Amino acid sequence: MRILVTGASRGAGRSMAEELAARGHEVRALVRRPDDITRLSTQWSDQERLTPVLGDVTERASLDAAMDGCEALIHAAAAVGEEDGDRALFHRVNVEGTGNVWRAAGRARVRSAVMISSVAIYGRPNVPEVSEDAPRAKLEVAYEQTKAAAENVALELGRLFNIRTAVLRPSVIYGPYDEQFVPRLVRSLRSHSFIYVGDPDRPINLCAVEHLTWCAFAALQTPAAAGEAFNVVDGVLPSWRQTVELICHEAGFKVPTRVVDPQTALRLGTAVDKVRKLGLPLPLPAVTRFTARVAGTSCVYRIDKARRILGYRPVHTFMERGPALVRAYLSA
């Protein structure tokens, strides 16, 4: 299968592109910068199966050549971040960019597509479990709002252009090109700024990037996935305490013990955000309002639907994969 993967220069997009090519598919990896083309061309030896191509989801004209001849699409490109500083950027990339990608896919007669969304579209609900049809909490930041809007764009244009479109909602993704989860935890633990928000023994919603790739390819091949959204989370979730202690063990850090309740963390994070917006010097903050909301989330995202329709059978856990990922980050 010839598949275009957007957002393939780093993170989950790069991992998915590499894994699909390793499975024998012809993958075009859409990247924005010419230097990414140069870098990836030297790192990827199998240029017949895995080819970096230049394109920008915010520039319609750049997408047609990349999409031409592709049978399928995995859209992983997105503006990601916790700040609301440039809301226009989030809208331009996440909402308008998604529309540009699906219109190009329609012109290229792509048959099936997957949008990589996020569990962030649920807000941060204070409930035990969240399934795909759960009522949503308030969406506070531009990332959450625009990812939810982008889902609607992808599904509506999928119907309009007769592209079988599915949405995947992963939780926190970890893997070999992770630039968020493990790096941020290591930095906060190294600087002794880490604090537990809420019960340290409650589960943390994590998603191995291999699970995301598996579900994406399954959704491309499964007609019943069209028009549907799926949570993608590991089958076995560690607690915050287990995760933090694993990282501390591998890195030789002192294990933290400080705990604050979620409401206190939100107040602290709000105050930290105000100081940062004033441009005042501030050491690495223990918590921002965004991280307080994420770390204070008490729910577990259900994966019954992905199991039932996609045949999802998660096999990886962070307790198994984490030590090698932490060592790789520390040695980089």
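Predicted model: local features only at pLDDT ≥ 70, side-chain atom pairs only at ≥ 80, totals over all residues.
Local features are reported at pLDDT of at least 70 and side-chain atom pairs at pLDDT 80 or more, while totals for chains, interfaces and linings use all residues. Residues are numbered from 1 along each chain as its sequence is written, and side-chain values use heavy atoms, without hydrogens and water.

Helices (H or I, at least four residues) and strands (E, at least two) are DSSP runs, numbered from the N terminus. Strands of a sheet pair through backbone hydrogen bonds, either parallel or antiparallel. Here, seven strands form an open sheet with parallel pairing, in the order β3-β2-β1-β4-β5-β7-β11; pairing requires at least two DSSP bridges between two strands. Because β3 (50-54) and β11 (229-232) are the edge strands, each with a single partner, one side of each has no neighbour in the sheet. From one strand to the next, the twist averages 20 degrees; such angles run from 0 to 180 degrees between N-to-C directions, with axes fitted to C-alpha atoms, for helices over the stretch in contact. Strand β7 (residues 164-170) joins β11 in the parallel sense over four bridges, and Val167 stands opposite Ala229 in β11.

Helix α4 (residues 87-107) packs on this sheet, touching β4 (72-75), β5 (112-116) and β7, where contact means heavy atoms within 4.5 Å. The direction of α4 makes about 175 degrees with that of β4. Helix α2 (residues 34-43) lies across β2 (26-31) and β3, at about 165 degrees to β3.

After α1 comes Gly24, with a positive phi near 105 degrees.
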